[in-house]
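Subject: Structure handover and notes

Hello,

Please find the structure below. My notes follow it.

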Amino acid sequence: MAVLSGLEPKEVFAYFEKLCSVPHGSYNTKRISDLCVSFARELGLKYRQDQAENVVIWKDASPGYESAVPVILQGHIDMVCVKTESCAKDMAREGLDLVTDGEWVWADKTSLGGDNCIAVAMILAILADDALPHPALEAVFTTNEEVGMDGAFALDCSDLKGRKLVNLDSEEEGVFTVSCAGGARLDCFLPGEWKPLGEGTAYLVTLDGLLGGHSGMDIDKGRASANQVMVRALYSALERCPGLRLGGIRGGRFDNVICPRNEAAVLVPAEQAEVFEAFIREFDAALKNEYAGCDSGISLTCRRGAHMDGAMTGSSTENILRTMLAVPQGVQAMNVDFPGLVQTSLNLGIVETKPDGVYFSVSIRSCIASQKAMMVQRLEAILALGGGAVSQRSSYPGWQYARQSVLREDVLAAWKAVSGREGRIEATHGGLECGLFIEKIPGLDAVSFGPELHDVHSTAEKLSVASTKLVYELTRELLRRSK
């Protein structure tokens, strides 16, 4: 029996469970893309699947709606795959293990991917409903949104007639997003020279217990980045133990996730071992005090006996840690037009060691293009001072607030009708594909909304059942009114 079979709306959760049954992490979307195609075939609807595995499905207008402006319903089919340390699931090959208590839906020991498969499920349910009156519909399912919006970049929009875009990729009920940050992904490198271990005590240093979270939606919550804090801890340890040498550092799997765990291997001169261990205890206490209000589970520990084939020289160790310590992390500027909105931020998402040095990625976000460019310049300058290099992997545009929007007013009216509440217009520091669609389709009017989702991109991610029902009804009511 399906795990979600008792939830309403039944058709939405049936599609959601089917989508969750196949793996669909970024760059692993072929199966879910084909699943969307099979849905279109079953429904007898025209569709297009491109080389980027995007899928577009068309449905003609209901009787009486033939002259209405077509509406684009859009979401992305990839998810951020994270799992607990104890989870043995291969998320590249296996679907999710869904769990519900009737109020929330989550996945056992993994992220849920409600961002953004709940949008896909709602859109498929709408396409399958022949009793719902609606204008012509163009359902657009994009790939690899979580890793730079690759699918939206690749999508040919020349055959899309819609000039109203309903993006279902927001995560707070009753909040309607009308602007978002643009972003850039940078790959950074610092060279490292290795030599044999020699005498000393090898340690594995672990920083964990952190909440992590979405680098756009959660960046203002003050949560610690394990990557940044580990660099800070090791640089501080180097000041206490000048002979310390770096043997490796690794943390994070995704650019757009605040890293929750980092491990580093270091070699410490034998005579400094007790000093090093005492420092780790002291710094752990300092971190617990510093992050008590926002990341109280933080833990810094070390244990002797780390396996190391070699360690970097003292000069390479100092240069790498000093340079990385200068790399900004978190909120850099707040927006004055939308109080409380982050305007510009950075996230040190992934760090790893290779034979020639340390590689790390930084995700930059800003709704101001010039500030995004400034942060790229700053990273390039910092890395140049450290003898390193920076390459830009991707860049996507922001979505500028439109002071006049017919769609926005229609959405607010439909929301009031189904919920009895006033909606809230906001901008987001997260990245949305709306900016790309607006660039590609002149005159496009866009709004983004979605059901209540908490802790996306983490193993604590959960989706509200009641909110899903309400937002689904909102979308249906909006289509009824789009005559």
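How many bridges join strand S5 to strand S25, and in which direction do the two strands run? The model is a predicted one. In it, S5 (residues 104–107) and S25 (residues 462–464) run antiparallel and are joined by three bridges. Trp 104 takes part in this pairing, with Ser 464 of S25 as its bridge partner.

The two strands belong to an open sheet of four strands, in the order S4-S5-S25-S24, and the pairing is antiparallel. The edges are taken by strand S4 (98–100) and strand S24 (453–454); each has a single partner strand, so one side of each has no neighbour in the sheet.

Two loops next to these strands hold a residue with a positive phi. Lys 109 sits in the loop between S5 and H3, and its phi is near 65 degrees, although the residue is not glycine. Asp 455 sits in the loop between S24 and S25; phi is near 55 degrees there, again in a residue other than glycine. Both values are worth a look because most residues other than glycine have a negative phi. Lys 109 has a relative accessibility of 39%, so it counts as partly exposed. Asp 455 is also partly exposed, because its relative accessible area is 32% and the class covers values between 20% and 50%.

Next, the peptide bonds. One runs from Glu 8 to Pro 9, with omega near 0 degrees. Pro 9 lies in the segment before helix H1 (10–20). The other cis bond joins Asp 115 and Asn 116, with omega at about 20 degrees. Asn 116 is part of helix H3 (residues 114–128).

One further residue, Ala 333, is in strand S18 (residues 330–334). Is Ala 333 buried or exposed? Its relative accessible area is 19%, and buried means under 20%, so Ala 333 counts as buried. Leaving out residues up to four places away in sequence, Ala 333 touches Val 342, Gln 343, Thr 344 and Gln 371. Ser 366 is 33 residues from Ala 333 in sequence, and the C-alpha atoms of the two are 8.9 Å apart in space.

Now the chain as a whole. The protein chain has 11 helices and 25 strands. Its radius of gyration is 24 Å, close to the 23 Å that the globule rule gives for 483 residues, so the chain is as compact as a globular protein of that length. Along the principal axes, the C-alpha atoms fill a box of roughly 85 × 50 × 40 Å.

Of the 483 residues, 58% count as buried. Among contacts between residues at least 6 apart in sequence, 78% join residues at least 24 apart. The chain exposes about 19100 Å², and carbon and sulfur atoms supply 50% of that area. As for charge, there are 47 positive and 64 negative side chains, and the centres of the two sets lie 1 Å apart.

Regards

Terms used:
Residues numbered from 1 in each chain as written. Predicted model: local features only at pLDDT ≥ 70, side-chain atom pairs only at ≥ 80, totals over all residues. Heavy atoms only, no water. Rg over C-alpha atoms; globule rule 2.2 N^0.38 Å. Buried < 20%, exposed > 50% of the residue type's maximum accessible area, 1.4 Å probe, protein only. Contact = heavy atoms within 4.5 Å. Areas by Shrake-Rupley, 256 points an atom, 1.4 Å probe, with all protein chains shown as cover. Lys, Arg positive; Asp, Glu negative; His and termini not counted. Charge placed at Lys NZ, Arg CZ, Asp CG, Glu CD. Pairing = 2+ DSSP bridges.
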